[in-house]
There are 4 protein chains.
Amino acid sequence: MSDNSFGRLLRVTTFGESHGPAIGCVIDGLPPGIAIAPEDFAHDLARRATGKTRHTSQRREADEVEILSGVYEGVSTGAPVALLVRNTDARSKDYANIAAQFRPGHADYTYWHKYGIRDPRGGGRSSARETTMRVAAGVIAKKWLAQRGVSVRACVSQVADVRPRGFDWSAVEDNPFFWPDAAQVPELEAFMDALRKSGDSAGARVHVQALGVPPGWGEPVYGKLDAEIAAAMMSINAVKGVEIGAGFASVAQKGSEHRDLMAPEGFASNHAGGILGGISSGQAIEVSVAFKPTSSLRLPGATLDTTGAAVEVVTTGRHDPCVGLRAPPICEAMLALVLMDHALRHRAQCGDVGPVHPRVP
Amino acid sequence: MSDNSFGRLLRVTTFGESHGPAIGCVIDGLPPGIAIAPEDFAHDLARRATGKTRHTSQRREADEVEILSGVYEGVSTGAPVALLVRNTDARSKDYANIAAQFRPGHADYTYWHKYGIRDPRGGGRSSARETTMRVAAGVIAKKWLAQRGVSVRACVSQVADVRPRGFDWSAVEDNPFFWPDAAQVPELEAFMDALRKSGDSAGARVHVQALGVPPGWGEPVYGKLDAEIAAAMMSINAVKGVEIGAGFASVAQKGSEHRDLMAPEGFASNHAGGILGGISSGQAIEVSVAFKPTSSLRLPGATLDTTGAAVEVVTTGRHDPCVGLRAPPICEAMLALVLMDHALRHRAQCGDVGPVHPRVP
Amino acid sequence: MSDNSFGRLLRVTTFGESHGPAIGCVIDGLPPGIAIAPEDFAHDLARRATGKTRHTSQRREADEVEILSGVYEGVSTGAPVALLVRNTDARSKDYANIAAQFRPGHADYTYWHKYGIRDPRGGGRSSARETTMRVAAGVIAKKWLAQRGVSVRACVSQVADVRPRGFDWSAVEDNPFFWPDAAQVPELEAFMDALRKSGDSAGARVHVQALGVPPGWGEPVYGKLDAEIAAAMMSINAVKGVEIGAGFASVAQKGSEHRDLMAPEGFASNHAGGILGGISSGQAIEVSVAFKPTSSLRLPGATLDTTGAAVEVVTTGRHDPCVGLRAPPICEAMLALVLMDHALRHRAQCGDVGPVHPRVP
Amino acid sequence: MSDNSFGRLLRVTTFGESHGPAIGCVIDGLPPGIAIAPEDFAHDLARRATGKTRHTSQRREADEVEILSGVYEGVSTGAPVALLVRNTDARSKDYANIAAQFRPGHADYTYWHKYGIRDPRGGGRSSARETTMRVAAGVIAKKWLAQRGVSVRACVSQVADVRPRGFDWSAVEDNPFFWPDAAQVPELEAFMDALRKSGDSAGARVHVQALGVPPGWGEPVYGKLDAEIAAAMMSINAVKGVEIGAGFASVAQKGSEHRDLMAPEGFASNHAGGILGGISSGQAIEVSVAFKPTSSLRLPGATLDTTGAAVEVVTTGRHDPCVGLRAPPICEAMLALVLMDHALRHRAQCGDVGPVHPRVP
């Protein structure tokens, strides 16, 4: 077993290594009748892509998506949709010197222990390059959800110890940091320039939100909507924490403060983050995700080689000084995939994908 | 679909409602040859049980486990092990008055929207009573892991805004709060007494740890060890957040601080929490879990009834003022189940459950 | 892994051994709103039960079903339904002498090799006693299907080399052999009496049919409706072959004979057995299943003991001289479970459980 | 849901349509360390390929396999192995005239009812072209099994009503019919020539065998080795029946004849076909599979168009007059995939992939 698939009824299987010939995915369980075209993927892949600004890795990937199957005359047929992206700017030589060393904070050491063999080129399978296909699959899920009035969006809500002073969703897509306060952007640019020069890296927090989810999606006990969102987010490279709604702040809340009272006009608050007992309540779904600082640094670090000897490693490849800055489209994609999967699961058991009872506005 | 099962190769399916005739589980995929006796379950079930002190719900359950199958002459045979616990102190009348109302912060509203029908007795399937069977299943996983040198343990590391001043694992089992600083126990008792009298409730944070896990358990990408730990913890009632290692604190760390350097003597730190690229590194696995304050309060709260009309609800049943205080055995069980499942998955693909290569001490 | 579960969206997990305290099952994924009462199970369990006539095993089981969960006020809630049947007439002493011997044609030898341990009492987990729970779960599936106009039925269509001369479905439930020709029943009784006296056993063929299945259930490629029916039937104890429609006879057919022509009035024939490309066509689903003769015989047979030494074994317990005679309710149950599972899977992906297009009558 | 994946721990997902840009597969769960090269696939793909002789479809596919992932320096890394085959000789125009008609005996009618949309080019996803990827995946499984002393092989054991007079496995690969009696080949050639001229088609029976399987592979109850073999075979296009060991002949056997007696020298017979209680016994695994005659005929046939009107259809594309003649490599691949999956499942639960106890020779 080696789980490269995600989802139960909407099942995404990804494959490919950072510096192999290609990456790709197979999306199984898609309802028939969804319009899918190669150009649909460009927008979100560009949002995630490296090489756009000086603040991300300088690797430049065209990321052109080829649709290999499952679409006939522009529409999904119910057969699996396979997507392929060729790797075009893979400089394996950057990694030659680290093939016999375990980079600290990377999966080198653990892959080697697990498999006894390791593809060292760009991190191989453990590279965040894999998330390209999550974003591509997410594009289709977003389309399907949009037809049901459900949308997802994400922003960066913390970089190192910088937090937004204001909060305006409309600002998010207008700066390279997915930052919700336009006035702070120069400050962030200065921070990132200094960080890059220092050779060090920084962590980030991403906030993800789904709007329009009807009450009733999610399954009690082990298939809770929040449990599967947590797994989805934690499966993204570099993630170290996930919160739903009030998250860790709920530890210091009183019950009388945390519980969201209800009135005919709606809920009075949303500390639950839109999920009660693992099932959506109809409120916005609110998720917060912690990204650790990139482990690939130009600063030398003590480590071991494969013989067990002490060595010093310096990572000279092209890396992101703050991986979290490219993460919002990935988090959106994962949330969209979880939601669509649960919509189908709900439909299987309960026969619809929307509310059947009177509901709180 | 309605996922009441957990795990891939070690598969636990639970059933039963808070006030139904019984709760139980079926554990499938257990290796043959594990010694299992009815009395094995008593210790952990007592650690989790209500009614022991004035600080938890006064519901008293004997929680006697009957082994229905899969054990012959005291040893597992490879067939599914079914465990049954009869519900003996279920006062349904406590809940009669809330059958037509949605308690704020509970799953009442979402179950009703999902299924159009709801078992209101004690929360039905959404009750934390279900976690009894997680603890029972976890007992077997702990036994199997112990034979391989792996152990799990948990403590409460925050109640409301109270944090441990000292930290001593040996103190944890000697007080009713699973608290790692014995000197603080009187302070916590006073806090809990005041809380109970106020009719309000408090949140808590639980720290869970696994020791002795060899490097190599866990699967890259969607089956990451940390992703499945996150799902396991978030599937526990009242959980709102999960952290691995440095967790949300890693957002404010520099990469040079976060990455754990390695030397022949071992790792220099453990910000990763024992997992790199989704695979265990051989270090201690460190998990932190946020529990929201109990939503069942004696304080009245505004809500709706099933006709959509505004009503005020008061929960008069027997409840825990701080559910997190009973959670450490549940968190341990979930971590043990995830680890054993991954040990079997690793063995399937790679042929062993321990390290095969020279490893960092 | 040890797969004691069946189905994808309607998921049945069974547990229990022939001579253990109980057998049972957990049915997960049931839609809410299905009326379920303990007495629903009596009819089909009696049809399957031993001890009714001299032609089956004389073990007498009350087979009373206790509903442990998932039903509130007589109706399914969407939570898992657990069913329990206590074993009451389990004479373990019958099996004491064979604990160290491998009965030929039984699973004794293979279980021992797989697990290194074996519950010898009545075959333990490998006993056909397990099929009781399949029948119980099937009762619920039949109910749900009946509300959608789908029914299943089965008969015995061959015993040894005796085949029905006439064929009348209405005769099937009026004789102890599920035989479709009433006039042949005395002949079969004489055959069975002679067989029982000889100490030998006979094979049988069971024909199973589903009526009213709409076109569109089933999934292409690996989830084909016929592939899952084949697995379902082959998973029943003693089954050695499965045919869909014309089955093995299609080998000697010409294509012009086999392909079922279509006209506005309907299909001209049904060699396909109601399934094309793995998907139901709207015609009757026709399945034929081969049951081997019981391996438990009073006639002595050469075998080995667990030390590898040659021994002679005689099986003196209570056994069926022709297990196939009790199989029709089991085959019906398995077909009903497969169909309901596929109905839910179809609804998940395509949004309905009936035909949406004009269809052949 | 739409199950285009096969296997539990060794998981093969296929994609692609007959006349789309490509077909491919992703193989997940492969142990690390298996040598895999593009040229490994040529032999079995050629055995399965069309266009080699006048007796099969004249479509000529190069079937060159590109390895997209999961292999580093010639060896599997534990990451998913994706294989891609471009479609090069896809004449869609052959099918233009049947886009609005349902070919009798094909999946046209059922796909249209299921999905409301259908890719008519060469049968789209329902084409046997998909089996190319099964054969490719099977090549890797065969390699892994061979290292453990397990081999699989298959022959055609019946065409229409022609059965082998002699039986010699060494003859099978030396004639275009996978026929085990070399002396009969001219007779078969004459039969096939006449069949092709007639415009009609014929059915076939394939016999598949595995040698060297140790006792202990397979799982009781729903994961029985024979149940999963039955599903695997029935999932191949055109299959209508599956037998294990004596199969349907066991219906007319006495128990004293069917049960395979054991002696220290070994089993006295193999009516069980190498599987008892769903678990391998160490004997040869024997499977027989019925293939219906091809439904694509030059002979006109009555059917409907998508408006429900009666039409006459003639299939003028390039088709096999006896699809079973190309099936042996496909059946071998499926058996190899099931066996390797079960070997891994056995290793997960029981810790090895070979016998641990003294065994019958």
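Modeller: Let's start with one word: contact means heavy atoms within 4.5 Å. This is a predicted model, where local features need pLDDT of at least 70 and side-chain atom pairs count only at pLDDT 80 or more, while totals for chains, interfaces and linings use all residues. Residues are numbered from 1 along each chain as its sequence is written, chains are lettered from A and ligands numbered from 1 in the order in which they are written, and side-chain values use heavy atoms, with hydrogens and water left out.

Biologist: Okay, contacts. What is A:G277 in contact with, leaving aside its neighbours within four places in sequence?

Modeller: A:G277 contacts A:P220 and A:K224, plus B:A107 and B:Y111 from chain B. A:G277 sits in the loop between β13 (275-276) and β14 (279-280) of chain A. Those names come from DSSP runs numbered from the N terminus: helices are H or I with at least four residues, strands are E with at least two.

Biologist: Is A:G277 buried or partly exposed?

Modeller: Here's the general idea: buried means under 20% relative accessible area, exposed means over 50%, and partly exposed is in between (1.4 Å probe, protein chains only). A:G277 has 30% relative accessibility, so it counts as partly exposed.

Biologist: Which residues does UniProt list together with A:G277 for "binding site"?

Modeller: The UniProt record, an unreviewed entry, places that feature at A:G277 and others, including A:R125, A:S126, A:N237, A:K292 and A:R318. Read such records with care: positions are in the numbering used here, feature names are shortened, and annotations may be inferred rather than shown by experiment. UniProt also lists A:R48 and A:R54 for "binding site", again from an unreviewed entry.

Biologist: Where is the place of A:R48?

Modeller: A:R48 belongs to helix α1 (residues 42-48) of chain A. With 4% relative accessibility, A:R48 is buried. Among its contacts beyond four places in sequence are A:D63, A:R129, A:T132, A:R326 and A:I330.

Biologist: With what does the side chain of A:R48 make a polar contact?

Modeller: A polar contact is a pair of N or O atoms within 3.5 Å; within protein, one must be able to donate a hydrogen and the other to accept it, and residues adjacent in sequence count only if both atoms are side-chain atoms. The side chain of A:R48 makes one with the side chain of A:T132, at 3.3 Å.

Biologist: And where does A:R54 lie?

Modeller: In the loop between α1 and β4 (66-67) of chain A. A:R54 is partly exposed, at 42% relative accessible area. Not counting residues up to four places away in sequence, A:R54 touches A:E189, A:D193 and A:R196.

Biologist: Now helices. How many residues of helix α6 (residues 225-234) of chain A are buried?

Modeller: Ten of the ten, so α6(A) is largely enclosed by the rest of the structure. A:L225, A:D226 and A:E228 are among the buried residues.

Biologist: On to sheets. How many strands form the open sheet?

Modeller: Two strands pair if DSSP finds at least two bridges between them. Here eight strands line up antiparallel as β8(A)-β9(A)-β15(A)-β10(A)-β10(B)-β15(B)-β9(B)-β8(B). The edges are β8 (151-159) of chain A and β8 (151-159) of chain B, each pairing on one side only. From one strand to the next, the twist averages 20°.

Biologist: How many bridges join β8(A) and strand β9 (residues 204-211) of chain A?

Modeller: Eight, in the antiparallel sense. Within that pairing, A:V152 stands opposite A:A210.

Biologist: What does helix α8 (residues 328-350) of chain B lie across?

Modeller: For angles, axes are lines fitted to C-alpha atoms, for helices over the stretch in contact, and angles run from 0 to 180 degrees between N-to-C directions. Helix α8 of chain B lies across β8, β9 (204-211) and β15 (285-291) of chain B, at about 140° to β8(B).

Biologist: One for chain D: which residues does D:S127 touch, not counting residues up to four places away in sequence?

Modeller: D:S18, D:G122 and D:N237. D:S127 is in the loop between α3 (108-115) and α4 (131-146) of chain D, and at 14% relative accessibility it counts as buried.
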